[in-house]
Amino acid sequence: MSSMLASASFTQDAFDAFMATRDEPGWLTDIRQTAWSRFGELAMPTSRDEEWMRTDIRLFKLSKFSMPSEAPEIQSPRALLAEGVELGGYTVSVDSHSTESDFSEKWASKGVLFGSLDALVAEHGDRLRPYFERKLVDPLFDKFSALNAACWSGGNLLFVPKGVRVDEPLHNFSILSDGGTDLGKTLVILEEGAEATLLAESASVDEESGGLHCGSIELIVEKEARLRYVNLQNWSNSVWHFAHQMAHVGANANLQWTIGALGSRLAKVNQRVALTGSDAEAQVNGVMFTQGKQHLCYSTHQHHQAPHCQSDLMYKAALQGTSRTVWRGMIQVDKAAQQTNAYQRNDNLMLATTARADSIPGLEIEADDVRCTHGSTSGRVDDDQLFYAMTRGYTRQEAVRMIVSGFFQKVFDRITIESVREALGEAIGQRVRDI
Amino acid sequence: MPETLKITDLHVAVEGKPILRGVNLTIHRGETHALMGPNGSGKSTLGNAVMGHPGYEITGGSIELNGENIVEWDATQRSRAGIFMAFQRPMAIPGVKMADFLRHATTNVRNPDRKEGEELIPMRQFRKELTEQMEHLRMDKEFARRYVNDGFSGGEMKRAEILQMAMLRPKFAILDETDSGLDVDAVKLASESIAAIGQGTTGNGDQMGILIITHHDKLLERNAPDFTHVMLGGKIVETGGIELAQELYTEGYDRVRAAYPDAAATEQAMTEKDAIAN
């Protein structure tokens with residue numbers, strides 16, 4: 001029933017027309033075709049699915065959206081992450097169509113590929129094929145992963161060859177027009193010993209406009225490579241956000257992955273990190289700030305597949321209005337992953353009694369010599385705290401902002417990029433409402 | 001004409017329960033007042049009501065600052081107008097460094113018309129002042145980098161409150177049991193600091209009007225009260241000089257209770273109600 005309803009605008013005709021415009025290698029066409037069939041077979045998830053128990057998408061109508069055909073003319077919103085940063089390159093896309101990009105010759109000449117994924121895959125298909133075929137995000141996992149795998153366009157690629165250290169941050173800016181659809185896909189590959197910092201952010205054209213984002217992110221951090229990846233979603237509060245995200249971190253490699261989740265009407269994000277080689281390290285930081293009727297659900301997964309790895313996850317959420325956040329965390333330790341050190345923590349700060357935060361940590365451990373811990377706290381800003389600050393000359397608003405920024409300080413302290421801390425602080429400050 | 005904080009026939013209720021039943025108290029800038037009284041007599045309530053705590057409902061009377069009734073003002077307006085309280089139990093604000101907290105606070109109080117986002121006092125000037133005041137209070141430099149009252153010992157909290165008073169340079173300050181939880185040396189230091197700040201010798205030379213709520217004599221050693229007030233059953237029943245303070249902390253409240261049987265009966269009833277409620 002729901003699959004019939006859902007596909008009105010994502011019809012066979014629309015898909016055929018989309019495919020006719022693509023100039024892509026045959027292996028990619030095959031991946032798209034398979035995913036498209038799967039998309040047609042799958043029903044929309046419902047609350048009967050364990051994964052979706054707490055996230056009601058009955059009001060989401062896929063039929064209201066259509067395949068992104070071309071980038072509309074828009075007034076670009078301000079990008080926050082790149083402010084005051086000397087960039088090595090940037091890309092801008094509107095409704096998952098690349099509209100602008102620049103990349104320093106300094107890095108291009110070292111073999112680094114950076115830009116829109118569809119343009120680069122057309123040019124470097126053979127080189128990128130093995131990474132596509134690793135399918136970090138399983139195209140057949142659910143309706144949304146299938147839709148993204150079949151119909152992604154634009155997208156972002158960063159490929160850093162062996163041993164190259166890109167010491168200037170790179171920036172991806174994805175803009176969503178009013179009522180637009182973004183089916184972006186991000187693929188990051190750091191070969192052995194490579195290093196890079198990628199700052200990705202998304203925004204709506206304005207605070208009121210709605211839209212759909214159904215995306216995927218795949219981060220491949222090979223042996224001894226180091227990646228800092230920041231993903232700030234700062235859409236309006238009317239956007240539907242569905243995403244599958246997965247990182248593979250190889251032996252002695254290091255990933256710092258920071259998520260800022262501020263916008264969207266409803267977000268359902270699966271963020272997974274697999275430590276695939278021994279002595280790999282991953283740090284995951286999550287900053288969530290919600291208001292109104294927002295519903296943000298983040299499922300995180302730390303998968304220890306190899307021995308001596310470390311993963312450290314900290315998600316912090318502050319909630320206003322009648323908003324709701326759901327954090328489901330899982331640490332999975334395979335039998336081979338002895339000497340694992342894994343940590344997950346989730347703290348929630350309620351700014352309204354009507355807000356609700358669900359915190360569901362989980363452990364699945366098959367190895368016997370491991371250290372896995374989790375913690376979760378929930379607190380609220382109380383009147384006495386506000387009063388105290390007000391007796392020191394703070395206005396109520398200013399006091400709330402200060403208490404919220406104090407709450408996030410611990411996770412900000414972990415983020416090693418100053419512009420990111422500042423951008424997050426600013427974006428959060430703008431979203432503080434009267435309480 | 002010195003600046004004046006004037007409390008007239010003040011009635012205050014907490015959660016519908018009357019606590020203050022007609023308090024009259026006038027403090028001029030430059031004066032030191034001691035407020036004494038048994039536990040539960042309403043001393044902290046008076047402090048909170050003067051500061052504008054939303055949980056303390058003013059059911060009658062007025063609080064005037066230089067002739068203007070400030071009962072409708074919120075705590076922000078009152079603090080920016082120069083009224084300060086050192087709390088008995090100050091709140092922790094995790095993640096916010098003492099120095100950052102105070103830089104905003106100091107700017108707001110010294111520049112009462114400041115809107116959020118407008119400029120703060122220059123970092124260099126602020127640092128210099130803060131370091132000076134911390135040296136007066138023999139506080140470790142590290143203190144400025146700690147989170148506001150987060151994990152502070154009782155003594156550290158009290159010293160932090162005095163530090164804030166020194167930085168904010170209020171016109172009127174209420175010190176709510178700033179001596180409790182301090183050892184003898186710490187009380188002595190606190191006492192000296194309050195006196196110095198009160199005289200304006202550490203700041204801009206302006207004197208404060210001070211209301212010291214205390215059970216002990218140590219804080220008053222260096223801050224000899226011009227007036228001592230005794231609170232009983234939500235009212236100030238007696239006002240005297242320093243000799244009254246000396247009598248109360250040596251001999252207790254029996255004489256006062258006997259002299260004011262109505263207030264003593266009210267006190268008794270309030271205490272019993274509390275006992276039942278608890």
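## Overall form of chain A

Chain A has 435 residues, and a compact globule of that length would have a radius of gyration near 22 Å; the value for chain A is 21 Å, which agrees. The model described here is predicted. Along its principal axes, the C-alpha trace of chain A spans about 65 × 50 × 45 Å. Its secondary structure consists of 10 helices and 20 strands.

Buried residues account for 55% of the 435 residues in chain A. When contacts in chain A between residues at least 6 apart in sequence are considered, 84% of them join residues at least 24 apart.

## The nonpolar core

The largest nonpolar core contains 199 residues, and the members that touch the most other members are Val188(A), Leu190(A), Val221(A) and Leu255(A). Helix α9 of chain A, residues 396-412, gives the largest share of this core, with 9 residues.

What does Leu255(A) touch, not counting residues up to four places away in sequence? Its partners are Leu219(A), Val221(A), Leu227(A), Ala247(A), Val249(A), Val273(A) and Ala282(A).

## Leu113(A) in strand β3

Leu113(A) belongs to strand β3 of chain A, which covers residues 113-116. Is this residue, Leu113(A), buried or exposed? Leu113(A) is buried because 20 other C-beta atoms lie within 10 Å, and a residue counts as buried at 20 or more.

Leaving aside neighbours within four places in sequence, Leu113(A) is in contact with Leu120(A), His124(A), Leu157(A) and Phe159(A). The C-alpha atoms of Leu113(A) and Leu158(A) are 5.6 Å apart in space, although the two residues are 45 residues apart in sequence.

Helix α8 of chain A, residues 383-390, is mostly covered, with 6 of its 8 residues buried. These buried residues are Gln385(A), Leu386(A), Phe387(A), Tyr388(A), Ala389(A) and Met390(A). The elements that cover them include α9 of chain A, and also α2 (75-80) and β7 (93-97) of chain B.

The contact between the chains takes 20 residues from chain A and 23 residues from chain B. On the side of chain A that touches chain B, α8 and α9 each supply at least two residues. The largest share of that side, 9 residues, comes from α9(A). By class, the residues of this side of chain A are 7 nonpolar, 7 polar and 6 charged.

## Two helices of chain B

In chain B, the axes of helix α3 (residues 98-110) and helix α5 (residues 154-168) come within 9 Å and cross at roughly 35°. The crossing of α3(B) past α5(B) is right-handed.

Which residues make the contact? From α3(B) come Met98(B), Leu102(B), Ala105(B), Thr106(B) and Val109(B), while α5(B) contributes Ala160(B), Gln164(B), Met167(B) and Leu168(B). The contact of α3(B) with α5(B) has 7 nonpolar and 2 polar residues, and no charged residues.

## Gly22(B) in strand β2

Gly22(B) is placed in strand β2 of chain B, residues 17-28. Gly22(B) is partly exposed because it has 13 other C-beta atoms within 10 Å, a count that falls between the limit of 12 or fewer for exposed and that of 20 or more for buried.

Not counting residues up to four places away in sequence, Gly22(B) touches Asp9(B), Leu10(B), His11(B), Gly61(B) and Lys235(B). Gly181(B) is 159 residues from Gly22(B) along the chain, and their C-alpha atoms are separated by 31 Å.

How values were computed:
Residues numbered from 1 in each chain as written. Chains lettered and ligands numbered in written order. Predicted model: local features only at pLDDT ≥ 70, side-chain atom pairs only at ≥ 80, totals over all residues. Helix = DSSP H or I, 4+ residues; strand = E, 2+ residues; numbered from the N terminus. Contact = placed C-beta atoms within 7 Å. Rg over C-alpha atoms; globule rule 2.2 N^0.38 Å. Core = buried A, V, L, I, M, F, W, Y, C linked by C-beta atoms within 7 Å. Axes fitted to C-alpha atoms, helices over the stretch in contact; angles between N-to-C directions. Left-handed = near helix turned anticlockwise from the far one by under 90°. Nonpolar A, V, L, I, M, F, W, Y, C, P; charged D, E, K, R; others polar.
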